[in-house]
Amino acid sequence: MTYNDNGTKRQVMYEGSLGGMIVPYGDPDVGWYFKAYLDSGDYGMGTLTSPIVRGKDAPSNAVLLDETIADYTGKPTTIPGAVAIFERYAGPEYKHLEMGKPNVSTERRELVVRWISTVGNYDYIFDWVFHDNGTIGIDAGATGIEAVKGVLAKTMHDPSAKEDTRYGTLIDHNIVGTTHQHIYNFRLDLDVDGENNTLVAMDPEVKPNTAGGPRTSTMQVNQYTIDSEQKAAQKFDPGTIRLLSNTSKENRMGNPVSYQIIPYAGGTHPAATGAKFAPGRVDISSPELYG
């Protein structure tokens with residue numbers, strides 16, 4: 001993948017893909033304890049690609065592409081409308097109104113590449129979103145049918161309601177939606193302006209003011225290189241910045257050209273702490289970032 005910078009093609013990413021996925025359910029009941037589905041590894045989300053319908057699954061003006069893949073036996077099979085490509089308005093890219101002067105605004109456009117995979121009761125929608133400014137986003141979500149469990153309680157006022165909802169939520173009379181999570185792992189092989197890339201950390205720090213004046217504290221940034229794969233495996237802290245930088249290329253200010261890595265869902269999986277839902281198969285308490 002390249003970015004057209006005023007006629008110059010600049011490398012951004014060699015390959016990006018869904019590396020894996022797990023859906024752990026938290027109910028220890030005999031009918032539920034074993035449910036920690038590896039949707040990608042166990043079932044093959046590519047082979048379960050769902051055809052996209054214009055005007056419903058994607059805009060009416062979307063371009064649909066057929067995809068030929070290997071089925072479970074290794075034979076080629078063609079899935080019609082497997083991928084949708086469309087452009088959409090995404091808000092203002094820039095806006096500023098200087099007092100007494102005309103408004104200045106520019107429009108933001110996004111190119112979306114959509115793929116949908118139906119695995120059992122869930123239909124997963126994946127959007128790769130490409131912005132004019134070079135930003136690459138991944139939106140992942142799900143629709144379909146909830147996996148449910150029959151219980152005695154009809155409402156939360158029934159005597160059995162507290163126990164019936166210990167591992168889920170009462171979503172209808174006598175029906176509990178069992179507590180679970182969908183945890184995605186994406187593999188991004190970035191080549192930012194070439195292959196000479198380094199993972200760089202930028203950690204904001206509050207330090208005492210030694211320059212004089214009434215202020216007692218300052219805000220500074222501790223920037224350092226993460227120089228091993230072991231150090232790169234870490235929980236993502238949204239208060240920090242992680243860059244993939246090409247230290248052999250500079251922008252016009254003299255800073256290394258970089259892409260910022262932002263796991264939007266980082267740190268939002270409370271069950272991942274100490275969880276053992278699929279021992280020996282996958283460790284979902286692993287860090288969000290791997291270098």
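Figure 1. Val30 is exposed, with a relative accessible area of 67%. In this predicted model, Val30 sits in the loop that runs between β3 (13-24) and β4 (36-37). Together with Tyr33 and Phe34, Val30 makes a nonpolar surface patch of about 370 Å².

**Figure 2. Confidence along the chain.** Before zooming in further, here is a quick look at pLDDT. The protein chain has an average pLDDT of 90, and 91% of the residues score at least 70. Among the elements of the chain, the lowest mean pLDDT (84) belongs to helix α1 (residues 39-43), while helix α2 (residues 161-164) has the highest (97). Where pLDDT is low, the predicted coordinates should not be read in detail.

Figure 3. An unreviewed UniProt entry lists Asp39 and Tyr122 under "active site". These residues cluster in space although they are spread over 84 residues of sequence, with a largest C-alpha distance of 9.9 Å.

**Figure 4. A closer look at Asp39.** Asp39 is found in helix α1. With a relative accessible area of 4%, Asp39 is buried. Leaving out residues up to four places away in sequence, Asp39 touches Met21, Val23, Gly44, Met45, Val119 and Tyr124.

**Figure 5. A closer look at Tyr122.** Tyr122 has its place in strand β8 (residues 122-131). Tyr122 counts as buried, at 9% relative accessibility. Neighbours within four places in sequence aside, the contacts of Tyr122 include Tyr25, Ser117, Ala142 and Thr143. Ile145, Glu146, His180 and His182 are also in contact with Tyr122.

**Figure 6. Salt bridge between Arg109 and Glu87.** The structure holds 13 salt bridges, and in one of them the side chains of Arg109 and Glu87 meet at 3.0 Å, N to O. Arg109 lies in strand β7 (residues 104-119) and Glu87 in strand β6 (residues 76-96), so this pair ties together parts that are 22 residues apart in sequence. Arg109 is partly exposed at 24% relative accessible area, and Glu87 is partly exposed at 47%.

**Figure 7. Salt bridge between Asp203 and Arg242.** Here the side chains of Asp203 and Arg242 meet in a salt bridge of 3.0 Å, N to O. The pair links distant parts of the chain, 39 residues apart: Asp203 is in strand β14 (residues 198-208) and Arg242 in strand β16 (residues 241-250). Both residues, Asp203 and Arg242, are buried.

**Figure 8. The network around Asp5 and Arg10.** Salt bridges with shared partners join Asp5, Arg10 and Asp193 into one network. Within this group, the side chains of Asp5 and Arg10 form a salt bridge of 2.9 Å, N to O. Asp5 is partly exposed, with a relative accessible area of 27%, and Arg10 also counts as partly exposed, at 27%.

How values were computed. Residues are numbered from 1 along each chain as its sequence is written. This is a predicted model: local features need pLDDT of at least 70, side-chain atom pairs count only at pLDDT 80 or more; totals for chains, interfaces and linings use all residues. Side-chain values use heavy atoms; hydrogens and water are left out. Patches are made of residues with over 30% relative accessible area and no salt bridge: like charges are joined within 9 Å, nonpolar side chains (Val, Leu, Ile, Met, Phe, Trp, Tyr) within 5 Å. Accessible areas come from the Shrake-Rupley method with a 1.4 Å probe; for residues, only the protein chains shown count as cover. A salt bridge is a side-chain nitrogen of Lys or Arg within 4 Å of a carboxyl oxygen of Asp or Glu. Helices (H or I, at least four residues) and strands (E, at least two) are DSSP runs, numbered from the N terminus. Buried means under 20% relative accessible area, exposed over 50%, partly exposed in between (1.4 Å probe, protein chains only). pLDDT is the predictor's confidence in each residue, from 0 to 100. UniProt positions are given in the numbering used here, feature names are shortened, and annotations may be inferred rather than shown by experiment. Contact means heavy atoms within 4.5 Å.
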